[in-house]
Amino acid sequence: MSNVDHQLIIVGGGPAGLTAGLYASRAMLDVVLLEKGAAGGQVMLTDWIDNYPGFPEGISGFDLADKMETQAKRFDLEVKLAPVIKMDLIGPVKTLHLEDGSTLTCRALIITTGARPNQINIPGEVEFTGRGVSYCATCDAPFYRGKTVAVIGGGNTAVQEAVHLTKFADKVYVIHRRDALRATKIVQDKAFANDKIEFIWDTVPTEVVGDIFKGVTGLALKNVTSGATSNIDLDGVFVLIGIRPNMEMLPLDQLDNDQGFIHTNVEMHTSQPGVFAAGDIIYKNFRQVANAVGEGCVACLSAERYLENNE
Ligand code: NAP
């Protein structure tokens, strides 16, 4: 048929990649999914998922990722542990350079390398992730009904999610390192008008305080102007200080993007013919498992159509 290694390669094994892989293997395309560690992506780090349809009791992130991979493998999807370090996407043959020095070529490529939340890098943060430290209020807010939580950050995400959290929590602190928010005025005004929200200005957290049985119990804080330190009691901490695309292996000069987030159209085409993208790596407002899965499906169907028209 052709002088490439595979018709289609998918890079990244989170929900978007595994869904693209399921559709591609079921359509009997010659496809391989490349992953740099265990498949599952950020979902693997999510303790419990209540808002992915089909699991009325909720499901752990680990189990959901495992089920997605098992389902794709039922149709013989080949999943390879092969970190990609470089790509050349120009022209009809796409070349991927792997960490072991080898290369793989394909006619169509789906990029689903995801993103990762920025961390504050303080003691206790990693230890209590999933046990009171969260990076997604949309995902975890309902677990904090009647509780006290803090949001770290002053951007649109932090301030909007603080307002969202007040639907569940009794008290929401917004802890910001400056005395002015980065969030737009309309978002700020909503938060200032909400009497469940209290702002703590010019302040950074220095430690997530917790207990191996209870999880998070509080935060140690430092005022960056006066140097004064304090502690607050909390049930949860939402770290919402931006996200970073997993873009290290992407040739950003070959793909339209915004600071590493790839621009796609509604059919998940990127600016490069034959290259599609889905999931958290694309430029969009909402990052949920449910929309990543939908985008993975669309990316695969678009890649299939591209291959039909170009082989
Ligand atoms: P962002 O705009 O980059 O804001 C990050 C916030 O975290 C900033 O307030 C920043 O403080 C703070 N921060 C960064 N590193 C920190 C650290 N190490 N310790 C403490 N605080 C730290 O990120 P985002 O809110 O996730 O938004 C990302 C993009 O999506 C933005 O362009 C945003 O406008 C957009 N967005 C739009 C909407 C909407 O239109 N409704 C909703 C959500 C997001 P400083 O301000 O001091 O830098």
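Leaving aside residues up to four places away in sequence, Ala 65 touches Leu 18, Ala 39, Gly 40, Val 43 and Met 44, a contact being heavy atoms within 4.5 Å. The model is a predicted one, with local features needing pLDDT of at least 70, side-chain atom pairs counting only at pLDDT 80 or more, and totals for chains, interfaces and linings using all residues. Numbering runs from 1 along each chain as its sequence is written, and side-chain values use heavy atoms, with hydrogens and water left out.

Ala 65 sits in helix α2 (residues 61–74); helices (H or I, at least four residues) and strands (E, at least two) are DSSP runs numbered from the N terminus. With a relative accessibility of 3%, Ala 65 counts as buried. Here buried means under 20% relative accessible area, exposed over 50%, and partly exposed in between (1.4 Å probe, protein chains only). Ile 232 is 167 residues from Ala 65 along the chain, and 35 Å separates their C-alpha atoms.

Zooming out, the protein has six helices and 21 strands. Its radius of gyration is 21 Å, close to the 19 Å from the globule rule for 311 residues, so the protein is as compact as a globular protein of that length. That radius is taken over C-alpha atoms, and the rule is 2.2 Å times the number of residues to the power 0.38. The C-alpha trace spans about 70 × 40 × 35 Å along its principal axes. Of the 311 residues, 50% are buried. Looking at contacts between residues at least 6 apart in sequence, 58% join residues at least 24 apart.

Helix α4 (residues 156–165) has Ala 158, Val 159, Glu 161, Ala 162 and Leu 165 buried. These residues cover an arc of only 165° around the axis, which puts them on the same side of α4; the arc is that of the directions from the helix axis to the C-beta atoms. Their cover includes helices α3 (137–140) and α5 (185–192), along with strands β11 (148–152), β12 (171–175), β13 (197–200) and β17 (236–239).

Most residues other than glycine have a negative phi. Asp 76, in the loop between α2 and β5 (78–81), has a positive phi near 70°. Asp 202 also has a positive phi, about 50°, and lies in the loop between β13 and β14 (203–211). Asp 76 is exposed, at 67% relative accessible area, whereas Asp 202 counts as buried, at 18% relative accessibility.
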